[in-house]
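Here is my note on this model, point by point. Please read it with the structure open.

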Amino acid sequence: MAAKPGTASTTYSPVDPTHKTKPSIFTDSDWVRPDSRGFHQCRPAFFRTGAVNSASGSAYAEFGNTKVIVSVFGPRESKKAMMYSDIGRLNCNVSYTTFATPVRGQGSDNKEYSSMLHKALEGAIILESFPKTTVDVFALVLESGGSDLPVVISCASLALADAGIMMYDLVTSVSVSCLGKNLLIDPILEEESCQDGSLMIACMPSRYEVTQLTVTGELSAPNLSEAMQLCLDACAKLAQIMRSCLKEAASAAEE
Amino acid sequence: MFFRIVHAPIFLCFFASDRRHMKDPTGNWIAEPPSYEPIVAEGEGAFLRIKKQKRMGLPNASEDLSSEMEVDAFRRLFPLRYFERHLTESIRPDARPLRKARDTTIALGAVASADGSALAKIGSTTMLAAIKMEVMTPSLESPDEGCIAIDFHMPPICSPIVRPGRPAEAAPVLSKQLSDTITRHVNFVLHSGMINLKELSLVSGKAAWMAYLDIYCLDADGALFDAALLSAVAAFSHLQIPVVSLDYDGKIVIMSEEQKEENSETKPVNKEKRKLTLSTIPFSLTCILHKSYILADPTAEEESIMETLVTVVLDSSGQLVSLYKPGGSVLVYTSAVQDCVALTRQRVKELQNILDDAISGMEID
């Protein structure tokens, strides 16, 4: 007697009532992050290329509990309805699994993240190198553990590199959450849910160019410049990890 | 207007002109022929240039066209013949014997946000299954039973065929087959139920578990049903049901660690029911039938060329759970089906061992 998901709107996931009081801790002056990291310390990052064999290129990224797979297809024929274009097209899609979030979701496409991913990547890709065709970048968030979009962007640029799409540089992305007076880099889901403001940067570290910068919520001017510097430094470090991942994959392929 | 895109090496392999169209019926030139020699194809014609380095290494590939073409071109142009040539040598293009399945692995607990999860890989076909437990009010007919909802997803990342917004045709079909296999199995409780739905009950008539099982295909390379079913049963064996209690509003809430130790007035409703008892577990094997050959565990390429598939589902005690033969051009003799069942019986033992290893590996950690 299996019910179809559509008919199951009457179900609810049981919550822990003691959890509700937790956010108040964040406003205190001396507290530790839930995963006992320093404020300016990122989660350990793990990258692996070639996660999906049927794609032209792919990458898997894991930052703590945030787990993401990105597949790249193409360059392939553009849709019939598309107008003629001298330069290539980039098509991005980000979706979540139904079990990615603590409360079971619908697993639908995330339109906002799809367009943000597109904007973060398009500046880095040499679209002239594949005229009249389309490169598809599809991301699936297997598990959402905070800082989802930055992880998706970094992982997508690695997948593009794996697919052999020409780029000016890898795009790396890091976000910072502002809680009270504190700036927390690479926030987890709990921290993101009670942040006052946040800043996300996607950049090309070797060229020192920013492809996307988003600021939401409350962030004072001195905090803003400090947050930007934090992000840019972290992006540079992330690029090293991604580069070494690509090198490893290339040397493994040679053997 | 129609165009056909032809791979350049293949085109060069066949492009030729013998100037036949420039002669009238009596064999005289209609126009003055060009001074240069006619273009002769590499693949056929008088001047064969045999590519010795890339030649297919099969002994009887002598007079055939295939010996003069690049292997890759032959594979693309005549996929069926390419495969049949392998089959006569009792080997498959990926160097497997005909009746051997690909390497299979299971990793339990891949998703921390779910109550039970598993990642199953057969060759490069990858499936991620996760179970989330939610609470529902049981129906009046069965106040002591929970429910299982199964959904199979093919996100655009898994295959070049799937595009966002256009779900793959195979997904709803597989979804139905999986839920038939798992939940039908559930229903025959008297016989050999995989899960007793009564174990999902919390408070009779008031609350019961609804287990949402979602299976995501991360990489589609054939035998999707086998991999999906394997990940599903692995997720069920990994499932840890949270300890819950009934609060004053009649809602089910999760018990925190402190409450469990304090032994306060709230009592857990499901203290003993943390794991589901899986009495028997279904496993499956998909085979391709082509002429008199049986190919176990096909890849996506094989599935696209030879269309007749037979999927046999057996449970761990060797009883037949279901059998699918969705059409296809080859009509099946019962003997072939019996062969498939025998192959599945062997495969079930393998899969059972792989699953047992994965579970015992979890317990050590």
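**Notes on the model**

1. In this predicted model, 37 residues of chain A are in contact with 43 residues of chain B. Contact means that the C-beta atoms, placed from the backbone, lie within 7 Å. On the side of chain A that touches chain B, β3, β4 and β5 of chain A each supply at least two residues. β5(A) gives the most, with four residues. By class, this side has 18 nonpolar, 14 polar and five charged residues. Ala, Val, Leu, Ile, Met, Phe, Trp, Tyr, Cys and Pro count as nonpolar, Asp, Glu, Lys and Arg as charged, and the others, Gly among them, as polar.

2. A word on conventions. Residues are numbered from 1 along each chain as its sequence is written, and chains are lettered from A and ligands numbered from 1 in the order in which they are written. Local features need pLDDT of at least 70 and side-chain atom pairs count only at pLDDT 80 or more, while totals for chains, interfaces and linings use all residues. Helices (H or I, at least four residues) and strands (E, at least two) are DSSP runs, numbered from the N terminus.

3. Now the sheet. Five strands of chain A form an open, mixed sheet, in the order β1-β2-β3-β5-β4. Two strands pair if DSSP finds at least two bridges between them. The edge strands, β1 (45-49) and β4 (89-96) of chain A, each pair on one side only. On average, neighbouring strands are turned by 15 degrees against each other, direction ignored.

4. How do β3 and β5 of chain A pair? Strand β3 (residues 66-77) and strand β5 (residues 133-143) are antiparallel, over nine bridges. Ile69(A) has Leu140(A) in β5(A) as its bridge partner.

5. Two helices pack on this sheet. Helix α2 (residues 111-122) of chain A touches β4 and β5 of chain A. Helix α3 (residues 148-162) of chain A touches β1, β2 (57-63), β3, β4 and β5 of chain A.

6. α3(A) also meets helix α5 (residues 221-254) of chain A. Their axes, lines fitted to C-alpha atoms over the stretch in contact, with angles from 0 to 180 degrees between N-to-C directions, come within 11 Å and cross at roughly 30 degrees. α3(A) and α5(A) are therefore roughly parallel to each other; angles under 35 degrees count as such. Ser154(A), Leu158(A) and Ala161(A) in α3(A) meet Leu238(A), Met242(A), Cys245(A) and Leu246(A) in α5(A). The residues of this contact divide into six nonpolar, one polar and no charged.

How values were computed. Angles under 35 degrees count as roughly parallel, over 145 as roughly antiparallel, 65 to 115 as roughly perpendicular and the rest as oblique.
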